[in-house]
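Look at the sequence and the model shown here, and keep both in view while reading.

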Amino acid sequence: MSKPWTYEPPKGAVHVHELAHPIEVGGTTLTHVELRRPRGRDLRATDGLKPMTQQLQLIELCGNLTRAAVEELDATDIAALGAVLSGFLESGPPTGASDS
């Protein structure tokens with residue numbers, strides 16, 4: 001029996017998520033996703049989408065994945081990556097320099 005998944009807030013600008021269920025993408029096995037913090041352009045690109053579509057699109061954009069790769073992700077990994085994105089949106093260091 002596997003241990004239950006627990007969420008830890010992301011630290012820094014990139015979070016590496018080890019996939020619970022690796023996928024095949026273009027003949028290569030993808031075992032992890034490096035998810036960066038969303039930026040304004042990412043949020044703008046997903047504005048107005050249904051919640052699940054928005055989450056999948058953000059995983060695609062912030063994980064530098066193809067749509068085909070995102071569509072192969074297991075639901076467990078989608079939920080975990082969505083939690084990481086939520087953690088990025090709730091708190092953490094800025095994504096770039098500020099004028100202040």
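Is Asp 42 buried or exposed? Asp 42 counts as buried, because its relative accessibility is 3%; buried means under 20% relative accessible area, exposed over 50%, and partly exposed in between, with a 1.4 Å probe and protein chains only. The model is a predicted one, in which local features need pLDDT of at least 70 and side-chain atom pairs count only at pLDDT 80 or more, while totals for chains, interfaces and linings use all residues. Residues are numbered from 1 along each chain as its sequence is written, and side-chain values use heavy atoms, with hydrogens and water left out.

Start with the chain as a whole. It contains 4 helices and 2 strands, where helices (H or I, at least four residues) and strands (E, at least two) are DSSP runs numbered from the N terminus. Their order along the sequence is β-β-α-α-α-α. The chain has 100 residues, and 31% of them are buried. Among the contacts with a separation of 6 or more, 56% are between residues 24 or more positions apart. Contact here means heavy atoms within 4.5 Å.

The largest nonpolar core has 16 residues. A nonpolar core is a set of buried Ala, Val, Leu, Ile, Met, Phe, Trp, Tyr and Cys residues joined through side-chain atoms within 4.5 Å. The residues with the most contacts inside this core are Val 33, Leu 35, Ile 59, Leu 65, Leu 73, Leu 81 and Leu 85. Two or more core residues come from each of β1 (14-25), β2 (28-36), α2, α3 and α4 (75-90), and α4 gives the most, with 5 residues. Take Leu 35 as an example. Leaving aside residues up to four places away in sequence, Leu 35 touches several residues, including Val 14, Ile 59, Leu 81, Leu 85 and Phe 88.

Now follow α4. This helix has 16 residues and spans 22 Å from its first C-alpha to its last, close to the 22 Å expected at 1.5 Å a residue; the expected span is 1.5 Å times one less than the number of residues. At the start of α4, a side-chain oxygen of Asp 74 comes to within 2.8 Å of the backbone nitrogen of Thr 76. The buried residues of α4 include Asp 77, Ile 78, Leu 81, Leu 85 and Phe 88. An α-helix has 3.6 residues a turn, so residues three or four places apart point the same way. The cover over the buried residues of α4 includes β1, β2, α2 and α3.

What does the side chain of Asp 77 reach? It reaches the backbone nitrogen of Ala 20, at 2.7 Å. Asp 77 is counted as buried because its relative accessible area is 1%. Apart from residues up to four places away in sequence, Asp 77 touches His 17, Glu 18, Leu 19, Ala 20 and His 21.

The helix α2 has 12 residues and reaches 16 Å between its first and last C-alpha, close to the expected 16 Å. Its buried residues are Gln 57, Leu 58, Ile 59, Glu 60 and Cys 62, and they pack against β2, α1 (40-46), α3 and α4. Just after α2, Asn 64 has a positive phi of about 55 degrees. Asn 64 is in the loop between α2 (51-62) and α3 (67-72), and it counts as exposed because its relative accessibility is 72%.

Charged pairs come next. Side chains of opposite charge can pair when their charged atoms come close. How many salt bridges does a search of the whole structure find? The search finds 2 salt bridges, each being a side-chain nitrogen of Lys or Arg within 4 Å of a carboxyl oxygen of Asp or Glu. Asp 42, the residue of the opening question, is joined to Arg 36 by a salt bridge at 2.8 Å, N to O. Glu 60 and Arg 67 form a salt bridge at 3.7 Å, N to O. Glu 60 counts as buried because its relative accessibility is 17%.

Last, look at Pro 22 in strand β1. Pro 22 counts as partly exposed because its relative accessibility is 45%. Pro 22 and Leu 73 are 51 residues apart in sequence and 7.9 Å apart in space, C-alpha to C-alpha.

Note on methods:
A polar contact is a pair of N or O atoms within 3.5 Å; within protein, one must be able to donate a hydrogen and the other to accept it, and residues adjacent in sequence count only if both atoms are side-chain atoms.
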